[in-house]
Amino acid sequence: MADYAGRLPVATPESQPYWDGLKEHKLMLPTCDDCGPHFYPRPFCPMPKCFNWDIKWTEASGKGKVHTFVISHQPIPPYNTEDNPPPYVIAVIELEEGPRMMSNLIMDDPYSTTVDMDVEIVFDDVTDEVTLPKFKPV
Amino acid sequence: MDQIRHKVAIVGAAETDDLGQLPHMSRLALHAQAAKNALDDAGISLADVDGLLCAGAIPNEVAEYLGIQPRYIDGTSVGGCSFMIHVRHAVAAIMAGYCDVALVTHGESGRSGVDAPRGGSASSPGGQYEAPFAIGGAPTTFSIPVLRHFHEYGTTKEHLAHIAAATRAWANLNPMAMMGSHRRAPERGGGPITPQDVLNSRMICYPFNLLDCCVVADGGGALVLVSEERAKDYAKDPVYVLGAGEAAAHWMVSQMRDHTTADGYRIAGEAAYKSAGLGPQDIDHCMFYDAFTFTPLMAAEDLGFVPKGEGGPFFAETKTGPNGEVIYKSGPGGDFPMNTNGGGLSYCHTGMYGMFAIIESVRQLRGECGDRQVPDVNVSMAHGPGGMFASAGTLILSNA
């Protein structure tokens with residue numbers, strides 16, 4: 001795990017709870033009492049008519065659908081080794097709670113991916129410090 | 001809303017001396033050479049320039065490099081459509097008296113990487129929420145909306161492949177086009193292509209094969225703008241700005257509100273039409289930024305040339321020419337002349353291609369295009385996205 005070759009995120013003070021949650025295998029979403037959860041983490045509700053700064057963190061179910069996707073044939077780390085070669089799926093997941101987020105799908109056959117396919121979260125502990133939220137078919 | 005109509009004109013427009021692989025030229029040298037060529041095209045001295053607008057460089061960098069001290073600057077740098085937005089801003093600045101001669105410059109060592117800035121902090125939203133998922137530049141992100149469009153409207157890869165074939169047919173008529181028959185031999189992939197060739201080319205990132213993707217090049221371009229009152233004092237016939245629009249819709253493609261509609265295109269397009277007092281039916285010629293085959297399809301839909309979802313069949317329509325040749329909808333001889341320089345797909349794409357789209361609109365309106373000249377072009381639209389449909393800029397230009 002120490003030699004993970006992919007690009008790693010670096011949290012900001014505002015996003016730290018999100019990344020801390022993933023490390024505990026929880027998908028935490030910043031949530032406004034009036035407007036619901038949003039993605040990506042911001043310390044306020046990003047609905048212009050609300051712009052409320054009273055945000056709570058709530059745990060998402062981890063279930064969602066493939067909103068759209070691509071199948072990359074590019075050898076981009078970590079999908080650039082004999083054990084983990086391209087092609088791989090980059091998808092936009094629409095979470096059950098509404099917000100959409102980018103992720104990778106864990107697929108035996110990338111070309112069996114379909115739009116609107118049901119998926120659920122997989123917590124990928126890529127390093128001791130960072131867990132990435134990925135998804136697989138239900 | 002028609003205050004800007006016909007108040008400012010483009011009087012100079014040119015690329016760098018060459019486009020393609022230019023490892024002997026840095027980013028700023030490309031800006032400077034393009035500026036020289038556009039100023040020469042107008043017959044204006046660098047000393048007359050008092051407004052400077054550029055992208056991919058801080059205006060001060062370019063000003064210092066050129067040795068000028070402009071009294072108006074704009075460094076809007078939001079991707080490929082930055083230059084459409086610069087023209088809009090230059091119109092306002094000239095009308096306000098902030099400057100008299102505005103120079104817009106583009107220079108990018110997109111292929112050779114000579115002083116090419118590499119963007120993105122790992123703490124930015126893109127660095128945290130997209131980059132960790134093995135994003136590899138535009139082919140893996142500009143492609144993201146496409147399968148949703150396919151899913152909702154039945155658009156196909158075959159439809160998109162027709163756009164690549166049509167655009168290549170224009171490139172074959174442009175001596176400057178990198179993939180056109182003038183510059184590239186068939187055994188190296190140049191010259192005519194068919195939709196089937198597009199589908200047979202190497203897969204880059206499904207749904208994009210190699211020939212769905214733009215070329216990667218070094219190059220630059222520049223424009224010179226002055227007020228309508230002075231527009232006839234220069235070397236070439238002026239090209240007037242009739243309408244212009246801009247928008248910022250999102251930044252990360254995962255956060256695009258609706259992956260089948262470019263909100264920015266709609267906002268920018270509506271403003272452009274409103275300021276020009278024109279609609280899609282009045283446009284004779286379109287330059288729709290084509291980083292990928294899908295990009296101009298979205299423009300045709302979101303700018304009102306074809307109803308939402310019907311762009312695929314629209315572009316895939318062909319007819320047979322007098323010698324039995326296939327005439328593509330957007331190709332030479334077709335009903336919808338688009339990307340007549342050969343586009344980002346086959347002419348040149350530095351990274352921020354929008355400048356070249358504007359230059360081609362100017363040339364078509366001046367009637368300078370030789371073999372690829374479209375008959376009776378009086379109104380041209382140059383439109384593009386910045387980022388992955390994130391921002392947008394639209395210009396409606398005319399020779400009268």
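Predicted model: local features only at pLDDT ≥ 70, side-chain atom pairs only at ≥ 80, totals over all residues.
**Surroundings of B:Asn174**

- Beyond the neighbours within four places in sequence, B:Asn174 makes contact with B:Gly180, B:Asn341, B:Gly342, B:Tyr347 and B:Arg372.
- B:Cys369 is 195 residues away from B:Asn174 in sequence, yet the C-alpha atoms of the two are 8.2 Å apart in space.

**Helix H3 of chain B**

- Helix H3 of chain B covers residues 82-96, 15 residues in total. From the first C-alpha to the last, the helix reaches 21 Å, close to the 21 Å expected at 1.5 Å a residue.
- Of the 15 residues of H3(B), 12 are buried, so the helix is largely enclosed by the rest of the structure.
- The buried set in H3(B) begins with the run B:Ser82, B:Phe83, B:Met84, B:Ile85, B:His86, B:Val87, B:Arg88, B:His89, B:Ala90 and B:Val91. B:Ala93 and B:Ile94 are also buried.
- B:Gly97 follows H3(B) and has a positive phi, near 80°.

**Contact between chains A and B**

- Chain B gives 27 residues to the contact, and chain A gives 30 residues.
- On the side of chain B that touches chain A, the elements giving two or more residues are helix H4 (125-129), helix H5 (138-141), helix H6 (146-153) and strand S5 (203-206).
- By class, that side of chain B comprises 16 nonpolar, 9 polar and 2 charged residues.
- Strand pairing also links the chains: strand S4 (residues 63-72) of chain A pairs with S5(B) in the antiparallel sense, over 2 bridges. Within this pairing, A:Ile71 has B:Tyr206 as its bridge partner.

**Helix H6 of chain B**

- B:Val146, B:Leu147, B:Arg148, B:His149 and B:Phe150 are buried in H6(B).
- The buried residues of H6(B) pack against S4 of chain A and against helix H10 (294-302) of chain B.
- Just after H6(B) comes B:Gly154, with a positive phi of about 75°.

**Fold and dimensions of chain A**

- Chain A contains 1 helix and 8 strands, and from the N terminus on its elements run α-β-β-β-β-β-β-β-β.
- The radius of gyration of chain A is 16 Å, close to the 14 Å that the globule rule gives for 138 residues, so the chain is as compact as a globular protein of that length.
- Along the principal axes, the C-alpha atoms of chain A fill a box of roughly 50 × 35 × 25 Å.
- Of the 138 residues in chain A, 34% are buried.
- Among contacts in chain A with a separation of 6 or more, 50% come from residues 24 or more positions apart.

**The S2-S1-S3 sheet of chain A**

- In chain A, 3 strands form an open sheet with antiparallel pairing, in the order S2-S1-S3.
- Strand S2 (36-37) and strand S3 (55-59) stand at the edges with a single partner strand each, so one side of each is left without a neighbour in the sheet.
- Strand S1 (residues 28-32) pairs with S2(A) in the antiparallel sense over 2 bridges. A:Gly36 in S2(A) is the bridge partner of A:Cys32.

Technical notes: Residues numbered from 1 in each chain as written. Chains lettered and ligands numbered in written order. Helix = DSSP H or I, 4+ residues; strand = E, 2+ residues; numbered from the N terminus. Expected span 1.5 Å × (residues − 1). Buried ≥ 20, exposed ≤ 12 C-beta atoms within 10 Å, placed from the backbone. Rg over C-alpha atoms; globule rule 2.2 N^0.38 Å. Contact = placed C-beta atoms within 7 Å. Nonpolar A, V, L, I, M, F, W, Y, C, P; charged D, E, K, R; others polar. Pairing = 2+ DSSP bridges.
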